[in-house]
Amino acid sequence: AEKRLKELRLLLEDYGYHYYVLDTPKVPDSEYDRLMNELLQLEADYPDLVTEDSPSVRIGGPPAPSFKKVAHRVPMMSLSNAFNEEDLRAFDRRVRQAVGEHVSYVCELKFDGLAVSLTYENGKLVRGATRGDGTIGEDITNNLRTVPAIPLRLKQPYSIEVRGEAYMPKASFERLNEAKEQAGEEKFANPRNAAAGSLRQLDPKIAAKRNLSLFAYSIGEVEGKNVQTHFDSLMFLKELGFKVNEEAAKCETIEDVIAYTEKWSERRHELPYEIDGVVVKVNSLADHEKLGFTAKSPRWATAFKFPA
Ligand SMILES: COc1nc2nc(N)nc(N)c2nc1C
């Protein structure tokens with residue numbers, strides 16, 4: 001039984017990674033479901049063989065009595081906003097005044113979901129929390145364990161704290177609201193509220209049914225790894241097994257940044273998830289050090305918001 005359990009865990013972890021992180025299924029859903037049922041049955045027969053990183057947690061465990069408060073070791077800041085081209089050019093001028101003319105940027109889509117923090121010890125997920133007020137969040141570990149795009153075990157055993165945006169794809173949002181309509185229940189206003197509502201309730205079995213996903217977008221802190229640029233940190237997160245948005249792009253000049261914001265302002269409706277803008281970040285992490293933070297936000301990033 002122990003051998004088969006280990007085999008099933010590895011199979012389900014690999015199939016889950018291909019399906020939910022790479023969006024490239026390796027086996028039909030029926031095969032995945034069959035193996036998951038075999039795992040659940042074996043774990044029910046041999047409860048002392050259950051491990052905390054078993055894929056069975058994707059189904060969701062018992063409800064929590066309440067949410068514990070957790071302190072973020074590295075504060076989760078908010079982003080300053082830019083609303084038009086002039087704001088972006090002003091941001092670029094401020095950055096170049098501080099770090100010199102040869103600054104380059106990374107542009108990322110700004111996912112309209114719920115910012116979360118994921119803590120791994122030696123590659124194992126040990127805690128998941130909401131941003132909260134940036135210093136104190138809520139422990140929603142058991143809900144986040146049910147999000148299939150969130151690795152329970154990293155591909156390399158790093159101790160790392162990762163930030164990402166949990167979100168509900170548009171299709172899942174439509175289906176959920178249809179079901180709410182059928183049941184005569186209150187519908188969610190938008191996918192962000194639906195994602196937040198799904199993760200900030202106490203029953204992981206509900207979270208497990210909401211088809212949530214997550215894009216990882218930055219490293220809070222990591223032991224034993226040095227990256228020089230923000231783009232390299234995204235590539236590193238991808239290597240570890242996180243879902244990282246494919247549209248992240250290096251932008252050498254503010255002209256490229258402006259072009260990126262115009263492109264995605266046009267094309268946002270083509271995406272299977274909602275975005276409310278573009279996040280522009282200085283690429284060099286040494287420049288992050290030089291630029292630092294205001295009371296609320298990093299000076300090395302800004303969020304360009306699309307017109308509502
Ligand atoms: C550095 O801080 C941030 N970076 C981000 N990056 C992306 N792509 N999306 C976000 N929503 C986001 N939010 C914050 C606070």
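**Exercise 1. Which residues touch the most other members of the largest nonpolar core?**

Step 1. Leu-118, Tyr-120, Leu-144, Ile-150, Ile-160, Leu-199 and Phe-242 touch the most other members of this 35-residue core. A nonpolar core is a set of buried Ala, Val, Leu, Ile, Met, Phe, Trp, Tyr and Cys residues joined through side-chain atoms within 4.5 Å. Buried means under 20% relative accessible area, exposed over 50%, partly exposed in between (1.4 Å probe, protein chains only).

The model is predicted: local features need pLDDT of at least 70, side-chain atom pairs count only at pLDDT 80 or more, and totals for chains, interfaces and linings use all residues. Residues are numbered from 1 along each chain as its sequence is written, and side-chain values use heavy atoms, without hydrogens and water.

Step 2. Find the suppliers. At least two core residues each come from strand S4 (114–121), strand S7 (160–167), helix H5 (170–182), helix H6 (191–199), strand S8 (213–222) and helix H8 (230–240). Helices (H or I, at least four residues) and strands (E, at least two) are DSSP runs, numbered from the N terminus. H8 gives the largest share, five residues.

Step 3. Look for another core. One of 29 residues lies apart, with Val-95, Ile-275, Ala-301 and Phe-306 among its members.

**Exercise 2. Where around the axis of H2 do its buried residues lie?**

Step 1. List them: Tyr-32, Leu-35, Met-36, Leu-39, Leu-42 and Glu-43.

Step 2. Check the arc, taken from the directions from the helix axis to the C-beta atoms. These residues cover only 125 degrees, so they sit on the same side of H2.

Step 3. Turn to the other side. Ser-30 and Ala-44 are exposed there.

**Exercise 3. Which residues line the largest cavity?**

Step 1. On a 1 Å grid over the protein atoms alone, a cavity is a set of points where a 1.4 Å probe fits but cannot get out; a pocket is an open set with protein on both sides within 12 Å along at least five of seven lines; lining residues have an atom within 4 Å of a point. Grid points are joined across faces, edges and corners, and a volume is the space filled by probe spheres set on the points.

Step 2. Read the lining: Glu-108, Phe-111, Ala-216, Tyr-217, Leu-234, Val-244, Asn-245 and Ala-248. Strand S3 (105–111) and S8 each give two or more of these residues.

Step 3. Turn to the largest pocket, which holds about 1300 Å³ of space. Closest to its centre, of 49 lining residues, are Met-77, Arg-163, Tyr-217, Ser-218 and Trp-300.
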